[in-house]
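Please find below a colleague's note on the model under review.

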Amino acid sequence: MDLHLKIWRQKDRNAAGKLETYTLTDLNPHMSFLEMLDTLNEQLITHGEEPVEFDHDCREGICGQCGMMINGIAHGPLKHTTTCQLHLRSFKDKDTITIEPFRSAAFQVKKDLKVDRSAFDRIISSGGFVSINTGQAPDATVIPISHELAESAFDSAACIGCGACVATCKNGSAALFTAAKITHMALLPQGKEERNQRVLSMVKQMDKESFGHCSNTEACEVECPQGISVLNIARMNFEYNKALFFNKK
Amino acid sequence: MILNSKIPEGPLDEKWTRYKKTAKLVNPANRKKLDVIVIGTGLAGSSIAASLGEMGYQVKSFCFQDSPRRAHSVAAQGGVNAAKNYKNDGDSVYRMFVDTLKGGDFRAREANVYRMAECSLNLIDQAVAQGVPFGREYGGYLNNRSFGGVQVSRTFYARGQTGQQLLLGAYQALMRQVGKGTVELFARHEMLDIVVIDGKTRGVIVRNLDTGEIERHAAHTVILATGGYGKIYYLSTLAMGCNGSAIWRAHKKGALMASPSWIQIHPTSLPQSGDYQSKLTLMSESLRNDGRIWVPLKQDESREPNAIPEEERDYYLERRYPAFGNLAPRDISSRAAKERIDAGFGIGPLKNAVYLDFAKAIREQGKQKIQEKYGNLFDMYEKITGYDAYKEPMMISPSAHFSMGGLWVDYELMTSLPGLFALGEANFADHGANRLGANSLLQASVDGYFIAPYTIANYLANEIHTGKISTDHIEFDRAEEQVRKQIEMFLNIKGSKTVDYFHKTLGKLLYDYCGLARNEKGLRYAIGEIKKLKQEFFKEVIVSGGANTLNTELEKAGRVADYFEIGELMCYDALTRNESCGAHFREEYQTADGEALRNDAEYQFISAWSWKGENEEPELIREPLTFEEIQPTVRSYK
């Protein structure tokens, strides 16, 4: 199949970027989307041009490093799918595809399609953990956790930190990412001791970064490759209000 | 050179306790005067950086990914082993030790293997306390599944994302220390050289991958937790960025490499479908709990799998290995698949795959049960292939996966370079010639959480009087100059072939001649071809872009340049080992029915290799293996 690509090219953080047009011919529909970009880069390099820089690593949908806006949709047209798991069979011959970075106020473009997502690390660093040192743990079975509870904690813990939620949000909010970690920790007995402090610190850090506010459009859930539910955000708000109340006392 | 493995005296089950009792300590006031560098933030790297930070050392943590949470431990699917015996099915530390030693074909140290099994108990406790949501039974207790090469259920899991959840636990512990200021994080930094001063490891040269800046960092010890080099085959289950450069550059500075040719080819990955392909996605071994592997009895079968009647199918693992069936260990399962495929029974468009069939399990347990256990794997299969594995069998094929080989380390996980430690997959230590499923997450974690914190303190206890180490030393100048020269050289070649072209060509060579099966003639041929390819690379490669900017091609060029040398050493290693053991199958040494033929009389040793310089043959140093607890037997899964 043949494809026309419009790809965001930007030399560095401070340069102005623009969409460049490329055409690829004779592509195998079983090729993955990133393999299609590999093919383009192979051609660019041998023609003495600079390849398109894009983030990727595991190419099996779990590391969270890949991610681009494909025709305006984070990670492209398939639901619950990262960019690396997308294949050309999801497109039609002669399609024109627009590829842009996950840009947002908090995610500055580093080069072409690569963005800086280190704000996510700082949010986790502010409280997204259980304060336990190596060697302090009691036996794993001391506290039983029901099957259902473990499963729903897992649903929140499954976030891969790709940033699709931020990129797709009209406000550039990191509410879903932050809420997923808060919920994961709040559901499990191990996370209960610090739940008030955790939610206050993480929300504070989130506000300190350049993320916008959540206005409940729920676009984040729609484009989340892990299908993280917006109910996590509801729980974050609940935990936050509760923590504010108890902190006053 | 005589290698000292530093195995403690005493009975096997007391060695580690004895070591811990007598290891030297560093008092809390002195710890903040000691600097530690950790390269890599997978399970081993994150856990050791967090643990040392908690103890009060000054830690710098480096990774090439854009966040430590993306290190490749994240991709492990099926589970992590621990001898908890929660299933009451006869498991114990001793049983796990025996399984692992036998699984590795008696090519690992007894003491290391026993210690890994022993520490497995604490790991599950630690992970649960961090909030890792392991699978639970309805009563609230932890659930287990089985993995290959064992007859008990000792594998703990978090759906098909166990690696992700364990890594997030370690990553969060790491980020907690970053918040406290005990660990300084350097994401998007790649280590390009080790700095050795007066025989001791004193620092590293790294490149900031976003700006191209070359930086110097000094420390009292350097820990490499940089994972495996299976990506050398290009097509593998590994992430695109996985590489062997950190351990290789350490090797060229004096650290020995052990058993480099022992690379596990995983039996259940998705088959190659075209030459554009960049990666072979793994389908977790846990699928073999319920999936049955088969090929048609007829060569060049053209019917759809569901149209082939039961009596015209060959469930070859069940046929050849009735005691373990579909849960035969990885090396054996991969070789059995290759045997059928080579004999013309392969399936799929390229005839390079076998079926993994869930029809029986779905019939017996219902679709919902199977969905609960493996739902995300079936979804992933459908996303990649477009086929629904609930309706027709998966097509799978062997693919390069895990390097048992790596930097030689002693019992303390220290390499032959004083002050340089290697943890997790980067070292060679615990898996012998074949790793059992779900032991990789385990080894990386116990190295980082429970072993290295003791052994590194033991080393650092002698460093409290050293004082701050300066990066102005001439050895830092030399190392940095070397790194800069290499970068300039890559950019100035301006040839016509891409880095990926060379990587793919090398990968194919190694897969054909130093992969699932090897022989003397093929290995000698491969060594010659690799030398030629390397020469061509330095004449013909094209690396676009500049040095002082974000430049992925430049990063890849450095890694592939190292792969040529690693590949060559792999071939030498395979060539000198005139026996078959574990993943190392020399066609000249097999039994009449095609099983591996080990030679304990002559090859019961670890091969440690010393770098002798460009275009020189490497030197082999033998570390004999002695078995006191159990005597090596012929490894049978029949």
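1. Basis of the note. This is a predicted model, in which local features need pLDDT of at least 70 and side-chain atom pairs count only at pLDDT 80 or more, while totals for chains, interfaces and linings use all residues. Residues are numbered from 1 along each chain as its sequence is written, and chains are lettered from A and ligands numbered from 1 in the order in which they are written.

2. Chain A overall. Chain A contains eight helices and seven strands; helices (H or I, at least four residues) and strands (E, at least two) are DSSP runs, numbered from the N terminus. Along the principal axes, the C-alpha atoms of chain A fill a box of roughly 65 × 40 × 35 Å. Of the 249 residues in chain A, 53% are buried. A residue is buried if 20 or more other C-beta atoms lie within 10 Å of its own, exposed if 12 or fewer, and partly exposed in between, with C-beta atoms placed from the backbone. Among contacts in chain A with a separation of 6 or more, 70% are between residues 24 or more positions apart; two residues are in contact if their C-beta atoms, placed from the backbone, lie within 7 Å.

3. The sheet of chain A. Five strands of chain A form an open sheet with mixed pairing, in the order E2-E1-E5-E3-E4. Its edge strands are E2 (18-24) and E4 (73-74) of chain A, each pairing on one side only. Two strands pair if DSSP finds at least two bridges between them. Strands E1 (residues 3-9) and E5 (residues 95-100) of chain A pair in the parallel sense over five bridges, and A:His4 stands opposite A:Thr96 in E5(A). E3(A) and E5(A) run antiparallel and are joined by two bridges, with A:Ile70 having A:Ile99 as its bridge partner in E5(A). E3 (residues 69-70) of chain A is also joined by two bridges to E4(A), again antiparallel; here A:Met69 has A:Ala74 as its bridge partner.

4. The contact between the chains. The contact takes 64 residues from chain A and 68 residues from chain B. Several helices of chain B give two or more residues to the side that touches chain A, including H3 (43-55), H5 (110-130) and H12 (440-460). H6(B) provides the largest share of that side, nine residues. The residues of this side of chain B divide into 26 nonpolar, 28 polar and 14 charged. Ala, Val, Leu, Ile, Met, Phe, Trp, Tyr, Cys and Pro count as nonpolar, Asp, Glu, Lys and Arg as charged, and the others, Gly among them, as polar.

5. How do the axes of H2(A) and H6(B) cross? The axes of H2 (residues 118-125) of chain A and H6(B) come within 8 Å and cross at roughly 85°. H2(A) is therefore roughly perpendicular to H6(B). Axes are lines fitted to C-alpha atoms, for helices over the stretch in contact, and angles run from 0 to 180 degrees between N-to-C directions. Angles under 35 degrees count as roughly parallel, over 145 as roughly antiparallel, 65 to 115 as roughly perpendicular and the rest as oblique. A:Asp121, A:Ile124 and A:Ser125 of H2(A) make the contact with B:Gln172, B:Met175, B:Val178 and B:Gly179 of H6(B). These residues divide into three nonpolar, three polar and one charged.

6. A helix pair within chain B. The axes of H5(B) and H12(B) come within 9 Å and cross at roughly 80°, which means that H5(B) is roughly perpendicular to H12(B). Residues of H5(B) in this contact include B:Met116, B:Cys119 and B:Leu123, and those of H12(B) include B:Leu442, B:Val446 and B:Phe450. The contact divides into eight nonpolar, five polar and one charged residue.

7. H16(B) and its sheet. Four strands of chain B form an open, antiparallel sheet in the order E16-E10-E18-E19. The edge strands are E16 (406-407) and E19 (619-624) of chain B. H16(B) packs on this sheet, touching E10, E18 (605-610) and E19 of chain B, and its direction makes about 145° with that of E18(B). Because 21 of the 25 residues of H16(B) are buried, this helix is largely enclosed by the rest of the structure.
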